[in-house]
Amino acid sequence: MLCKWVPSYSLFRSCTRTQEFTASAPHLHFPSLSFSPNRKINCMDATGLDSHGREFTTADEMWREHAGDPSKKTQWYRDGVSYWEGVNPTMDGVLGGYANVNEPDISCSEDFLKILLSERFPADGKRQPLVVLDCGSGIGRVTKNLLIRYFNEVDLLEPVSHFLETARETLALECQTNTVHKAVNFYCVPLQDFTPDAGRYDVIWIQWCIGHLTDEDFVSFFKRAKVGLKPGGFFVLKENIARSGFVLDNEDRSVTRSDMYFKELFSQCGLHVCRLKEQKGFPEELFAVKMYALTTDAPKRALRSKSKTSTNRPKTIM
């Protein structure tokens, strides 16, 4: 539901979805930090910032402070939901005044999804009906404008009740005219508490909401969610990307992670990136956004056959 604005001169540029933009974000100030572009960073040891300008030397330091015991962790999630409970259930509300990004967001996501469906599910009719889970669904923006056109059944998962009710009302009108593609289940449950039915989903779509989970719950969620995939099914994660390390938003209790940070967590989840695409067409002042297609099976590598020419060529001794 969330895209965030960050000053272009700061260390990070980016965008997220559990507000789909924060109304207060244009007032955030992140002091500049210096990172060597050639320095190899272990994401868990990378320096990060919060929205008050405070620097953390590691992600572990940040998580210990904000969610290091059961009481703190409960408060972390409670504050996040409370923030969204104060946001209007409208396109402009969930996109933080940036409703104009809806079109490029959906367009780029659709291009990515069409490639994935053609690669993973050849049109032989054997997988019907196609079923998807929309995680952090908000008011049903992505379901209405994208997912319901490609899947026979869509389940929506959203912890903010008035967002979910708006989605239910909006999609009920869609289902009256289309009985082949419909929204089926509406789960008012947070990601960290949700376990899908085994083998229900061809695709689990997670956009602009995973930043609300701690690293521990991030890994736990994906390990549980794997069970919900059909054989050959996959995840799509679409998220804001920090240039290095991470950025903590103190207001909505979310973390924007770097690409390296995400990939380290994917490894802990036992997931593989089979495709990657960068979002295009967003305003320059927003964070970069990437889409990851994640599978439980490692991508197949094409075997190279040795040519007779190279086989018979004498080797050069260095």
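A salt bridge here is a side-chain nitrogen of Lys or Arg within 4 Å of a carboxyl oxygen of Asp or Glu. Keep that cut-off handy, and keep in mind that you're looking at a predicted model.

**Exercise 1. Find out what the pair Arg 253 and Asp 79 does, and where each partner sits.**

Step 1. Check the distance: the side chains of Arg 253 and Asp 79 come to 3.8 Å, N to O. The cut-off is 4 Å, so the pair counts as a salt bridge.

Step 2. Arg 253 is in the loop between S8 and S9, while Asp 79 belongs to helix H2, so the bridge ties together parts 174 residues apart in sequence.

Step 3. Look at burial, where buried means under 20% relative accessible area. Arg 253 has 16%, so this residue is buried. Asp 79, at 26%, is partly exposed.

Step 4. Arg 253 has a positive phi, near 60 degrees, and isn't a glycine. Most residues other than glycine have a negative phi.

**Exercise 2. Work out which parts of the chain are tied together by Lys 73 with Asp 217, then by Arg 141 with Asp 105.**

Step 1. Start with Lys 73 and Asp 217: their closest N and O atoms are 3.2 Å apart, and they form a salt bridge. Lys 73 is in helix H2 and Asp 217 in helix H7, so this pair links parts 144 residues apart in sequence. Both Lys 73 and Asp 217 are buried.

Step 2. Now take Arg 141 and Asp 105, whose side chains meet in a salt bridge at 2.8 Å, N to O. Since Arg 141 lies in helix H5 and Asp 105 in helix H4 (residues 102-120), the pair ties together parts 36 residues apart in sequence.

Step 3. Check burial again. Arg 141 has 4% relative accessibility and counts as buried; Asp 105 is buried as well, at 1%.

Step 4. Zoom out. Salt bridges with shared partners join Arg 54, Glu 61 and Glu 65 into one network. The structure holds 18 salt bridges.

**Exercise 3. Decide how the buried residues of helix H1 are arranged around its axis.**

Step 1. List them: in H1 (residues 59-67), the buried residues are Ala 59, Met 62, Trp 63, His 66 and Ala 67.

Step 2. Look down the axis of H1. Its buried residues fall within an arc of 95 degrees, so they line one face of the helix. Here's the general rule behind that spacing: an α-helix has 3.6 residues a turn, so residues three or four places apart point the same way.

Step 3. Ask what covers those buried residues. The cover includes strand S2 (55-56), helix H2 (70-85), helix H7 (215-225), strand S8 (246-249), strand S9 (254-257) and helix H8 (259-269).

**Exercise 4. Which members of the largest nonpolar core touch the most other members?**

Step 1. The core has 39 residues, and the ones to pick out are Ile 206, Ile 210, Phe 218 and Phe 222.

Step 2. Follow Ile 210. Setting aside neighbours within four places in sequence, Ile 210 is in contact with Leu 191, Phe 218, Phe 221, Phe 222, Leu 237, Glu 239, Arg 257 and Phe 262.

Step 3. Look for another core: a second, separate one of 27 residues includes Leu 147, Ala 167, Phe 234 and Met 291.

Key:
Residues numbered from 1 in each chain as written. Predicted model: local features only at pLDDT ≥ 70, side-chain atom pairs only at ≥ 80, totals over all residues. Heavy atoms only, no water. Core = buried A, V, L, I, M, F, W, Y, C linked by side-chain atoms within 4.5 Å. Buried < 20%, exposed > 50% of the residue type's maximum accessible area, 1.4 Å probe, protein only. Contact = heavy atoms within 4.5 Å. Helix = DSSP H or I, 4+ residues; strand = E, 2+ residues; numbered from the N terminus. Arc of directions from axis to C-beta.
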